[in-house]
Amino acid sequence: MTTKDDGSQGDGARPQDDELSLYARAYRGMLTADELFLRFEAQAAHARLIEAASERFDGEQGLSGRQLAEGARMAARRMAILLAETPTTLKTVLALKIHVFETLIQMEDEVARSNAEIMLEAAMRADGERLGIVLIPLDAPFGATQ
């Protein structure tokens, strides 16, 4: 560590103060599934609004409206990935993940921009298995597994 001497001389594997600060912020900043979902929804909506009127957004941030819209999409993806990351045995949380997944796959070119949709789908399937729920694509024929 950079400010404390714990007796280990020159151990480069030990975390530095700035890294410990990052870990503390990450821990303190943990959000619930509901909070992650609401942030995803807001940021995805902001991306659509900014993109629709991209000529209105510029100057103060030093970015074009198109760049700001992409930033909003990136922020939404982060919330989706954080939501996907934590396993759940709650049907309500699985429903939030499904909604986010369905939103992502409907966003234009989203699959080409990011793997967030793939990660979310894998998380949904794992959570579904934990809950004893079989998830199938809507375009698949209905059968005895539903």
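Reply: Happy to; below, each term is set against its definition. This is a predicted model, in which local features need pLDDT of at least 70 and side-chain atom pairs count only at pLDDT 80 or more, while totals for chains, interfaces and linings use all residues. Residues are numbered from 1 along each chain as its sequence is written, and side-chain values use heavy atoms, with hydrogens and water left out.

Me: What makes up the fold, going by helices and strands?

Reply: The protein has 6 helices and 0 strands, and from the N terminus on the order is α-α-α-α-α-α. These elements are DSSP runs numbered from the N terminus: helices are H or I with at least four residues, strands are E with at least two.

Me: Why does Asp109 count as partly exposed?

Reply: Its relative accessibility is 48%, so Asp109 counts as partly exposed. Asp109 lies in the loop between H4 and helix H5 (110-113). Asp109 also has a positive phi of about 60 degrees, although it is not a glycine.

Me: How do you know that the length of H4 agrees with what a helix should span?

Reply: The expected span is 1.5 Å times one less than the number of residues. H4 has 16 residues and should therefore span 22 Å; its end C-alpha atoms are 23 Å apart, which agrees. For H3, with 21 residues, the reach from first C-alpha to last is 30 Å, close to the expected 30 Å.

Me: Which parts of H3 and H4 meet?

Reply: Ala80, Leu83 and Ala84 in H3 meet Leu96, Lys97, Val100 and Leu104 in H4. The residues of this contact divide into 6 nonpolar, no polar and 1 charged. Here Ala, Val, Leu, Ile, Met, Phe, Trp, Tyr, Cys and Pro count as nonpolar, Asp, Glu, Lys and Arg as charged, and the others, Gly among them, as polar.

Me: At what angle do the axes of H3 and H4 cross?

Reply: The axes of H3 (residues 65-85) and H4 (residues 91-106) come within 10 Å and cross at roughly 145 degrees. Axes are lines fitted to C-alpha atoms, for helices over the stretch in contact, and angles run from 0 to 180 degrees between N-to-C directions.

Me: What covers the buried residues of these two helices?

Reply: The buried residues of H3 pack against helix H2 (33-52), H4, H5 and helix H6 (116-131). For H4, the cover includes H2, H3, H5 and H6. Among the buried residues of H4 are Val93, Leu94 and Phe101. Over the whole protein, 27% of the 146 residues count as buried.

Methods:
Contact = heavy atoms within 4.5 Å. Buried < 20%, exposed > 50% of the residue type's maximum accessible area, 1.4 Å probe, protein only.
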